[in-house]
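Biologist: I'm new to this one and would like to learn how to read it. Could you walk me through a few features?
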Amino acid sequence: MEDLSFKLLLLIIFVSSIFPSHTSAHIAHFDGHWKQRAEEARKHAEQAYNHNPHEATHHFNHNVTKALEGSKTTRRNLGGNDGSCQATNPIDQCWRCKNDWAANRMRLADCVLGFGAKTTGGKNGKYYVVNDSSDADMVNPIPGTLRHAVIQPEPLWIIFSKSMVITLSQELIMTSDKTVDGRGVEVHIQGGAGFTLQFVKNIIIHGIHIHDIKPRSGGMIRDSVQHFGLRTQSDGDGVSIFGGSNIWIDHLSMWNCYDGLVDAIMASTAITVSNCKFRDHDEVMLFGGSNSTTQDEIMQITVAFNHFDEGLIQRMPRCRFGFVHVVNNDYSHWHEYALGGSQHPTIISQGNRFIAPQNPFAKAVRTVRTPYKSSYVSLILFSLFRSCAACLLIDDFHLQFLLI
């Protein structure tokens, strides 16, 4: 009987490796549990989708204007400071300079803007304190570890008792309604697998370092209190969002992952990526997994107040389908291109600062013709360019410029 089970396991691994499925990525056996999660995720994504996306961008812009009017300065401070609290964007102004933030951590959930504005994470749940940096048991995680925290069924606000380095043995599969809050300590997720947000809703990841993430072989991994199953090899993303909605990624420092730093695919929507620092990486952010996954037309993402530092090559972000608001980011000396798109996404680039590299081929709007005749990008630009025409790579497009 044991020999038969072992042979069946090998067969599942072999079949999944030669017939990969976009709808069940890394799930070797798409059983009833995962089918239910996928169906629930689809319904949540439909509810989270904003049928008037410009309403979300106008709301975001209104809050930025209010923040500027209430500040002594009208430009973001990208340099040093005198040691006093600096909060020059509306997200940070909501919590960062309040003396009691540590006593009222859940106030953070009221601060998100953009397409992820309805994300509340683990608000109104209990606190879960991670005090163990180990990750030894994938099927029966040890209480007090990050892996044990993220599989619990109820809303949780996950914090850390001390600074720690966590090397994840396999991808960290989260359940819905969770906040991972690294404020007050220094938490590094490094040297192992990254976060997997697959068929989940309502996730906040804030204030941690994610770097040197590697693919892991897979195996039996618990994905909830009531279920575990066989996973195939993970990609090596820092944060992988797969069929997720109402997601907020904020104040992460990310570099040198095997695949993407933040990838969102398979009808993921209602996402904000804000206040992050990215450096030393090739393919930074991929929004939309392939030219054939038309489900990504539901994708709506805000990318705001991030610093794309030196050592980055491409995909800041790279978009297929969907609607992406890229606003008030700082770009420094990429190697190939900054923004890219195909398969008719709408990209609004607004209030960004682009400082181009010396390479003339990385500076201009470039068109790469492909066999996909229906592909185009609707691109609206309201940004400051230094030494570059537009710094974009665009696949077979109809381009709309509004330069102000």
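Biologist: In what sense do strand E16 and E20 pair, and over how many bridges?

Modeller: Keep in mind that this is a predicted model. Strand E16 (residues 269–274) pairs with E20 in the parallel sense, over four bridges. Across that pairing, Thr-272 stands opposite Thr-302 in E20. E20 also runs parallel to strand E24 (residues 323–327), joined to it by five bridges. There, Gln-300 has Phe-323 in E24 as its bridge partner.

Biologist: Which way do the residues of E20 point?

Modeller: The general idea first: side chains in a regular strand alternate between the two faces of the sheet. Here, Gln-300, Thr-302 and Ala-304 point one way from E20, while Ile-301 and Val-303 point the other way.

Biologist: Is E20 enclosed or open, and why?

Modeller: Five of the five residues in E20 (residues 300–304) are buried, so the strand is largely enclosed by the rest of the structure.

Biologist: What is the handedness of the disulfide?

Modeller: The torsion about the S-S bond of Cys-94 and Cys-111 is about -70°, so this disulfide is left-handed.

Biologist: Are Cys-94 and Cys-111 buried or exposed?

Modeller: Buried means under 20% relative accessible area. Cys-111 is buried at 2%, whereas Cys-94 is partly exposed at 22%.

Conventions: Residues are numbered from 1 along each chain as its sequence is written. This is a predicted model: local features need pLDDT of at least 70, side-chain atom pairs count only at pLDDT 80 or more; totals for chains, interfaces and linings use all residues. Side-chain values use heavy atoms; hydrogens and water are left out. Buried means under 20% relative accessible area, exposed over 50%, partly exposed in between (1.4 Å probe, protein chains only). Helices (H or I, at least four residues) and strands (E, at least two) are DSSP runs, numbered from the N terminus. Two strands pair if DSSP finds at least two bridges between them. A disulfide is a pair of cysteine sulfur atoms within 2.5 Å.
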